[in-house]
Amino acid sequence: MKKIIAKTLYDTEAAELIHKYTVGSVGDSEGYEESLYKTYEGKYFLYVNGGANSPYPEENIKRISPAKAQQWLAEKK
């Protein structure tokens, strides 16, 4: 997925996947995944996607600060 946020392109295919966190299984309407990525420039973002009844019913990219990325990683590992 690609998304431009504040004139910066965030691309899951071009960024480094740091960690993926999954809740539920494929087809679970409440299941979802959060994937932490780091761009070549050192910016972090979360790719999120899930079922219709999950916190992420549509795929999206959310940019996050390095501090929030480290916090997320500590909580999800």
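Student: How do the residues lining the largest pocket divide into nonpolar, polar and charged?

Tutor: In this predicted model, the lining divides into 3 nonpolar, 8 polar and 2 charged residues. Ala, Val, Leu, Ile, Met, Phe, Trp, Tyr, Cys and Pro count as nonpolar, Asp, Glu, Lys and Arg as charged, and the others, Gly among them, as polar. Residue numbers start from 1 along each chain as its sequence is written. Local features need pLDDT of at least 70 and side-chain atom pairs pLDDT 80 or more, while totals for chains, interfaces and linings use all residues; side-chain values use heavy atoms, without hydrogens and water.

Student: Which residues lie nearest the centre of the largest pocket?

Tutor: They are Ser 25, Val 26, Gly 31, Tyr 32 and Gly 50, out of 13 lining residues. A pocket is an open set of points on a 1 Å grid over the protein atoms alone, where a 1.4 Å probe fits, with protein on both sides within 12 Å along at least five of seven lines; a lining residue has an atom within 4 Å of a point. Two or more lining residues come from each of strand S3 (16-23), S4 and S5. Strands are DSSP runs of E with at least two residues, helices runs of H or I with at least four, numbered from the N terminus. The pocket holds about 180 Å³ of space.

Student: Why is Thr 12 called buried?

Tutor: Buried means under 20% relative accessible area, exposed over 50%, and partly exposed in between, for a 1.4 Å probe and protein chains only. Thr 12 has 14%, so Thr 12 is buried. Thr 12 is placed in the loop between strand S2 (8-11) and S3.

Student: What lies 2.6 Å from a polar atom of the side chain of Thr 12?

Tutor: The backbone nitrogen of Met 1 lies at that distance. Beyond four places in sequence, Thr 12 is in contact (heavy atoms within 4.5 Å) with Met 1, Tyr 37, Phe 45, Tyr 47 and Ile 61.

Student: What makes up the largest nonpolar core?

Tutor: A nonpolar core is a set of buried Ala, Val, Leu, Ile, Met, Phe, Trp, Tyr and Cys residues joined through side-chain atoms within 4.5 Å. Here the largest one has 9 residues, namely Tyr 32, Leu 36, Tyr 44, Leu 46, Val 48, Tyr 56, Ala 69, Trp 72 and Leu 73. Strand S4 (32-38), strand S5 (44-50) and helix H1 (66-76) each give two or more residues to this core. Another core, of 7 residues, lies apart from it and has Ile 5, Tyr 37, Phe 45 and Tyr 47 among its members.

Student: How do you know that Ile 5 is buried?

Tutor: The relative accessible area of Ile 5 is 16%, and therefore Ile 5 counts as buried. Ile 5 belongs to strand S1. Its contacts beyond four places in sequence are Tyr 10, Ile 61 and Arg 63.

Student: Is Ala 6 called buried or exposed, and why?

Tutor: Its relative accessible area is 55%, so Ala 6 is exposed. Lys 7 reaches 83% and is therefore exposed.

Student: Why is Ser 29 called partly exposed?

Tutor: Its relative accessible area is 31%, and so Ser 29 is partly exposed. Ser 29 is found in the loop between S3 and S4. Gly 51, Ala 52, Asn 53 and Ser 54 are in contact with Ser 29, its neighbours within four places being left aside.

Note on methods
Grid points are joined across faces, edges and corners, and a volume is the space filled by probe spheres set on the points. A polar contact is a pair of N or O atoms within 3.5 Å; within protein, one must be able to donate a hydrogen and the other to accept it, and residues adjacent in sequence count only if both atoms are side-chain atoms.
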